[in-house]
Amino acid sequence: MPNRTLPTRLDQARPYALGAFRIVVGLLFACHGAASLFGILGGMGGSGATVPAGAWPGWYAAVIQLVGGGLVLLGLGTRSAAFIASGSMAYAYFSVHQPEGLFPLQNGGEASALFCWALLLLVFTGPGALALDRVLTARGAAGQEEPEKRKPASPVAA
C-alpha cells in the first residue's frame with residue numbers, strides 16, 4: 001500500500017470540500033433573500049418584516065440573494081451567479097455599510113464583506129463536486145455522438 005501523505009489526501013478531497021463550501025454559502029445567501037422577500041426566518045433584519053416590492057435597492061438585492069443563492073447552492077451557472085451576487089454584496093458594502101465606518105466590524109458590514117469574497121472565490125474556483133452543471137454537462141456529452149469525419153473531396157480529373 002503506497003504511503004499517502006495528508007496533503008495528498010486533502011488534495012483528493014478538494015472538489016468535495018469546495019462543493020460543500022458552495023452549498024453552504026449558497027444556502028445562507030438564499031436564506032437572506034427569502035427572509036427579506038417573504039418575512040420567513042425572522043424576516044428583514046430580524047423584524048419579521050418584508051422589503052417593499054420594487055424598493056431600490058433592497059428588493060432587488062433580495063431577489064439577487066434568493067435566485068443567485070439558489071443557483072450557487074444547486075451548482076447551476078455557478079460562476080455567473082456568484083459573479084453577480086458578489087457584485088451586489090460589494091455594492092451593499094460600499095453604499096450602505098462603509099459610509100458608517102471604515103471597518104466591517106464598525107459598520108455592521110461583516111456579512112456583506114464575507115459573502116462578497118466567498119462568492120468571488122467561487123467565480124474563480126468553479127462549483128467543485130456535487131454541482132448540477134457537472135451532471136447536466138456529463139449527460140449532454142454522453143448523449144452526443146461524434147460527428148462523422150468527412151472524407152476529403154477527390155480531385156476532379158481534367
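**Helix packing and loop geometry in the predicted model**

The buried residues of helix α2 are covered by elements that include α1 (6–38), α3 and α5. Here contact means heavy atoms within 4.5 Å, and helices are DSSP runs (H or I, at least four residues) numbered from the N terminus. The structure is a predicted model, in which local features need pLDDT of at least 70, side-chain atom pairs count only at pLDDT 80 or more, and totals for chains, interfaces and linings use all residues. Residues are numbered from 1 along each chain as its sequence is written, and side-chain values use heavy atoms, with hydrogens and water left out.

The residues of α2 that are buried are Ala62, Gln65, Gly68, Gly69, Gly70 and Val72. Burial is defined by relative accessible area: under 20% is buried, over 50% is exposed, and values in between are partly exposed (1.4 Å probe, protein chains only). Ala62 lies in α2, which runs over residues 58–74, and is buried because its relative accessible area is 1%. Among residues beyond four places away in sequence, Ala62 touches Gly33, Ser36, Leu37 and Val51. With Gly33, Ala62 forms a pair 29 residues apart in sequence whose C-alpha atoms are 4.2 Å apart in space.

After α2 comes Gly75, with a positive phi near 80°.

Attention now turns to α3 and α5. Two packed helices are described by the angle between their axes and the distance between the axes. The axes of α3 (residues 78–97) and α5 (residues 110–125) come within 8 Å and cross at roughly 155°. Axes are lines fitted to C-alpha atoms, for helices over the stretch in contact, and angles run from 0 to 180 degrees between N-to-C directions. Angles under 35 degrees count as roughly parallel, over 145 as roughly antiparallel, 65 to 115 as roughly perpendicular and the rest as oblique, and α3 and α5 are therefore roughly antiparallel to each other. On the α3 side, the residues making the contact include Phe83, Met89 and Tyr93, and on the α5 side they include Phe115, Leu119 and Phe124. By class, this contact has 15 nonpolar, four polar and one charged residues. In this scheme, Ala, Val, Leu, Ile, Met, Phe, Trp, Tyr, Cys and Pro are nonpolar, Asp, Glu, Lys and Arg are charged, and the others, Gly among them, are polar.

Two further residues belong to these helices. Ser88 is in α3 and counts as buried because its relative accessibility is 13%; leaving aside residues up to four places away in sequence, Ser88 touches Phe29 and Ile64. Leu121, in α5, counts as partly exposed because its relative accessibility is 43%.

Between α1 and α2, the loop holds Pro57, and the peptide bond from Trp56 to Pro57 is cis, with omega near -10°. Leu41 lies in the loop between α1 and α2 and has a positive phi of about 55° although it is not a glycine. Leu41 is exposed, with a relative accessible area of 61%. In the loop between α5 and α6 (132–143), Leu130 has a positive phi near 65° and counts as exposed at 61% relative accessibility.

Terms used: Helix = DSSP H or I, 4+ residues; strand = E, 2+ residues; numbered from the N terminus.
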